[in-house]
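I opened this model to look up its strands, its core and its pocket. My notes follow in the order I made them.

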Amino acid sequence: MKRNKIIALCLMAAIFISGLNGVWLADESAATATQKKEDQLIGVLITKEYLNLFDTESYLKDHFGSMIASSNTNHLTQDSMDSSYEKKLYATLVTTKTTDSDTNELTGFPDYQFENVDGIYFMSPLITKDGENYRTISGNDKISDLFTSVGTTDAGEQLNLEGTLYMTNTVGERIFYFNPVYQTETGEVYALSGQGISSGLEQPVGTSMSQTLTAATTTAENGTETSVSSTVKVTISICPAPFEATILQMNADNQILASTTYDIDTLPDSITPLADTAYLIAETHSKDVTGTITIDRTIFSLSDETLSLFQPQPDGICIKHQIPLNWKEQSH
């Protein structure tokens, strides 16, 4: 069996390699080529600080003599570092409890989580339950607009993941590190150190940038080739910083039946419109970095099951809050 793996990191914004304690980080594309020949890219772990997984202590122990001989004791260069010293950050397999919408019973299902890590992640690992394998989606609520697709043919499998990180431009410059997440053939899930992208005050509302991780594995056996490819795309979108929202209930004649204003931090668990409400208008009041107030309006019709509003967090990331709509039967 012959296995070749190609891993590419495509960035559509300024990307840089950061150092820690005077140590240059190894080229991640080189690390993936030697460490993950059997593993599939299934997601991304986003951190605000560099995920330092290089085993400097072991490296120095093994190479101290050669470094003394070459008088290279002040720092490790990128060229000198061996990717075999790059550690892996493993996720934990846990059981997540959820309520079945049909039976209203509490059930559990296996899920992978990166515990004790301050990060944002979304991934689509293979899960085994009751003897069957299936692919699920795991992630934080800070990732919005999640999309996943899996295509399977005789030629192989293609996994596509997309998500959006909404953030305001009111809390200064931020740096996010995009650490690729892989799954082994035996089911283990882990992350490797990735590279960073910065976003700051100078970026106006509506600006977006994206980072895409791709990986492909081709296997040739008995003259037949099969491939497994993965694409993980994260878009960072700059959004307004809302501080309150007004919900207008409108009838078929476009008249206001009711108006309710909510502080953005105390949104309702659900909304039950009046019987004659034909549609809703959500007015979001926001402030930009200069303090200027803007109002954005979104219409929600009878076919909409939820109303979505952004809730900014202290770190500037906006969570898309989904509010269930309990429409009443229209009177005639």
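I started at Val44, which stands opposite Phe122 in strand 7. Strands here are DSSP runs of E with at least two residues, numbered from the N terminus. This is a predicted model, where local features need pLDDT of at least 70, side-chain atom pairs count only at pLDDT 80 or more, and totals for chains, interfaces and linings use all residues. Residues are numbered from 1 along each chain as its sequence is written, and side-chain values use heavy atoms, with hydrogens and water left out.

**Strand 3**

Strand 3 and strand 7 (residues 119-123) run antiparallel and are joined by five bridges. I count two strands as paired if DSSP finds at least two bridges between them. Strand 3 also pairs with strand 13 (residues 174-183), antiparallel, over seven bridges. There, Gly43 has Val181 as its bridge partner.

Is strand 3 (residues 40-47) mostly covered or mostly open? It is mostly covered, with eight of its eight residues buried. Buried means under 20% relative accessible area, exposed over 50%, and partly exposed in between, with a 1.4 Å probe and protein chains only.

**Core**

Next I looked up the largest nonpolar core. It has 23 residues, and Val44, Ile46, Phe176, Phe178 and Ile236 touch the most other members. Such a core is a set of buried Ala, Val, Leu, Ile, Met, Phe, Trp, Tyr and Cys residues joined through side-chain atoms within 4.5 Å. Which strand gives the most to this core? Strand 17 does, with four residues.

I also checked Met209, which is found in strand 16. Met209 is buried, at a relative accessible area of 9%. Its C-alpha atom is separated by 9.0 Å from that of Ile238, 29 residues apart along the chain.

How much space lies in the largest pocket? I noted about 480 Å³. Of its 23 lining residues, Gln40, Leu126, Gln183, Thr184 and Glu185 are the closest to the centre. A pocket, on a 1 Å grid over the protein atoms alone, is an open set of points where a 1.4 Å probe fits, with protein on both sides within 12 Å along at least five of seven lines; lining residues have an atom within 4 Å of a point. Points are joined across faces, edges and corners, and the volume is the space filled by probe spheres set on them.

The lining divides into six nonpolar, 11 polar and six charged residues. Ala, Val, Leu, Ile, Met, Phe, Trp, Tyr, Cys and Pro count as nonpolar, Asp, Glu, Lys and Arg as charged, and the others, Gly among them, as polar.

I then traced an open sheet of four strands, ordered 19-18-20-21 with antiparallel pairing. Strand 19 (256-263) and strand 21 (293-301) each have a single partner strand, so one side of each is left without a neighbour in the sheet. Strand 18 (residues 241-250) pairs with strand 20 (residues 279-287) over nine bridges. Gln249 stands opposite Leu280 in strand 20. Seven bridges join strand 18 to strand 19, and these two form a hairpin with five residues between them.

**Positive phi**

Last, I looked at backbone angles. Most residues other than glycine have a negative phi. Asn116 has a positive phi of about 60°. I found Asn116 in the loop between strand 6 and strand 7, exposed at 84% relative accessibility. Asp145 has a positive phi of about 55°. Asp145 lies in strand 11 (residues 144-153) and is partly exposed at 37%.
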